[in-house]
Amino acid sequence: MNMTPESILKLLTLDQKLAQLIALGDPGFLVRDKRFDTEGARRNYPHGLGGLMVPIDLPPAEIGAWTGDMLDTFAELSPVPPVLMCESLHGILGQGATVFPQSIGMGATFDPALMERVGAAIGREAKALGIRLSLAPDLDLGREPRWGRIEETYGEAPYLVGEMGAAYVRGLLADDGKYAATVKHFAAHGSPEAGINLAPVNVTPQELEDKYLPPFKKALDAGAKGVMPAYSTLNGIPCHSHPLLMKDVLRERWGFEGVVVSDFGAVNMLLDFQRTVTDPAEAEHLALEYGIDLQVPGVISRDRLKDLIQSGEFPMELIDRSVLRIIQMKLELGLFDRQKPSPKHISATVRSEAHRTLAREAARKSMVLMKNHGVLPLKSGQRIAVIGPNAASCQFGDYSLPRFDVPTPMEAIRARAEKDGGSVTYACGCDVCGSDRSGFAEAVALAGEADAVICIIGGKSMKGYGVGWGSEEESILTCGEGCDMHDLTPGGPQLDLCRALIATGKPVTVVMIDGRPETLFDVAENCAALVAAWYPGEEGSTALAELLFGDVNFSGKLPVTFPRHVGQLPITHDRVPSGSGFYHAPGTPDRPGRDYVFGNTSPAFEFGFGLGYSEIAYSDLSATATDEGVVVTVTVANKGKYPAEEAVLTFIRDEVATLPQPQKKLVNVHRVSLAPDESATLHLPLPTDAFTYTDYSMNRILERGWFTIMVGGQKTRIFLG
């Protein structure tokens, strides 16, 4: 039988149509004795469901059995099967799945090809369990570090976020293409006022076009079938009922024909949070009118909506439009085959050895060496003191579950040190919150007896609940959804702990395990080495030990700018020239100056900065205009004794423009592997679009004039137009 969305729609009753608009955010109550609660489903959802999230508390084998029962049950209730959904920012949110580095760590790899491989691994694990829709990737720009969800982003650069997001989508679609990536949060969610989650976002129309929208377009072009609007308002209008975003851009200009999935409870927020409607039916009308198809956790006024439809007060056309989109997606995903998960395939796929190896590779490439005064790599036979609140716990980032079958950083460093006759002692020193310094004395004593000190500080972010709002059990969370900061200083007395260790005179390496850039002040200046490890996933501890001992080389670079002080925000690499001040006469605490009287407008660490154990030299930079744009040629050489991977970043600057343009804008990323003393000449294509911008009339233009091209500290100029 040749099924079409229209023919299937005709089979549905009104109740079954309304059921297709509903996606359950937490199906835990449909789990009974570790199996699917068939009777509960029949009782509560007699007309079927549009979708439901995968239970996060069942191990993979039991999820497979649960999924099979779920498909059988809903086959009795509706001609249209539900789509099984998951959170998968850095692995499936659930028991037993592989945990990869959190998104900001993946951004630090500057490696879209690696991201595609990680996406493929996540997609294979999901499909083995019967999952066909991910609420990922997150394409927000990480331009507000106080915002806790910056960890879910790939960084601050539109080009990087777009490339990584599109790569993830391609990965999820690998093998058979029968998967729905749902890109979020549309749009500009990552720049909330005061860094507060769900707060209003205000950007200029030109910024929206040039920075915030392009990553979504790239991901949709890569094959994403779903879009999730942002919770926030954009320029005063809730994104879930935003005519420009949802109609003009998404549906009309881009021609998106896929499914729009509401964020959790966002339709209800129109009523009780943003207060733009007076009753639930009005919220439903707005949501459906502006194209919200699948609502999580469900239609907020289903009975009332049904009454209004039957009385002719609510247009049936809106219901049919959304249901047709949902059916079309499910046909494309092959859901009408109702294929059940195979226990053998689950066992061979979920957290396979190949996926764990990939997770370790990603963790290695995600960590950034920000400073090294000759103390790294660690030497054989050293007595090492491992100190700090994040040394004896594994922090994976939000949308993940705790794991107790992987080594902590301290355990991994100890195991590696003992291979070469070294030893490790450990003290916590303090927590990431509070003011208790009673552990300082033990930590300082151990440091005094050691040859080298590793102080592992940062934040805590590991939420075991899909919606990411936290719970009473998760009392110590400093990053992630709903965990925003008024300051970027590490919590508790962590910096004072670092200062006490540095005061011993022993070489101190500070490792930050966190999801946001931190301000370290004098600690960054006085420590011997500094590493940003982000939230590196289940293989992160082992990868950190390998990097510290020089078994592999650092290759990550900063995907976000590190400010000197929270008072500098916003600060990004692509700020316009006036964003760095006019006077350029920075002051100090002892001597006032300008632009900041007692400070500096420059960042502590620039976007794209990262060191390794080998010096990488750039030379012979040139640029040639072509019919398609510009080809940049540069030679990159490894001058050290360690094998190296270098992320080659190309920036441009429009020297004179009608509207002020960024002082530098990332337009290309290319990773190259170099053996010791090896060099490579690269030819990097830049499309014409990289040199354009949106003018005051909202036209995309290429203005005639000079452009500066910057690669690895080298500069050249080219005239275009």
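**Loops, a helix and cysteines**

Author: Let's start with L198, which sits in the loop between β7 and α8. Those labels follow DSSP runs numbered from the N terminus: helices are H or I runs of at least four residues, strands are E runs of at least two. This is a predicted model, where local features need pLDDT of at least 70, side-chain atom pairs count only at pLDDT 80 or more, and totals for chains, interfaces and linings use all residues. Residues are numbered from 1 along each chain as its sequence is written, and side-chain values use heavy atoms, leaving out hydrogens and water.

Reader: What is the phi of L198 near?

Author: L198 is a residue other than glycine, yet its phi is positive. L198 is also buried, at 13% relative accessible area; buried means under 20%, exposed over 50%, and partly exposed in between, with a 1.4 Å probe and protein chains only. As for the angle, phi of L198 is near 75°.

Reader: Is A188 buried or exposed?

Author: A188 lies in the loop between β7 (180–186) and α8. A188 isn't a glycine, but its phi is positive, about 70°. Its relative accessibility is 3%, so A188 counts as buried.

Reader: Which residues of helix α8 are buried?

Author: Helix α8 covers residues 205–212. What covers its buried residues includes α7 (158–172), α9 (214–221) and α10 (243–253), along with β9 (233–234), β23 (693–694) and β24 (700–701). The buried residues themselves are Q206, L208, E209, K211 and Y212.

Reader: Where does P137 lie, and what is its peptide bond like?

Author: The peptide bond from A136 to P137 is cis, with omega near 5°. P137 lies in the loop between β6 (133–134) and α7.

Reader: What is omega for the bond joining L569 and P570?

Author: P570 is found in the loop between α21 (540–548) and β18 (616–625). The bond joining L569 and P570 is a cis peptide bond, and its omega is about 0°.

Reader: How many disulfides does a search of the whole structure find?

Author: A disulfide is a covalent bond between the sulfur atoms of two cysteines. Here it is counted as a pair of cysteine sulfur atoms within 2.5 Å. The whole-structure search finds 0.

Definitions and conventions: Contact = heavy atoms within 4.5 Å.
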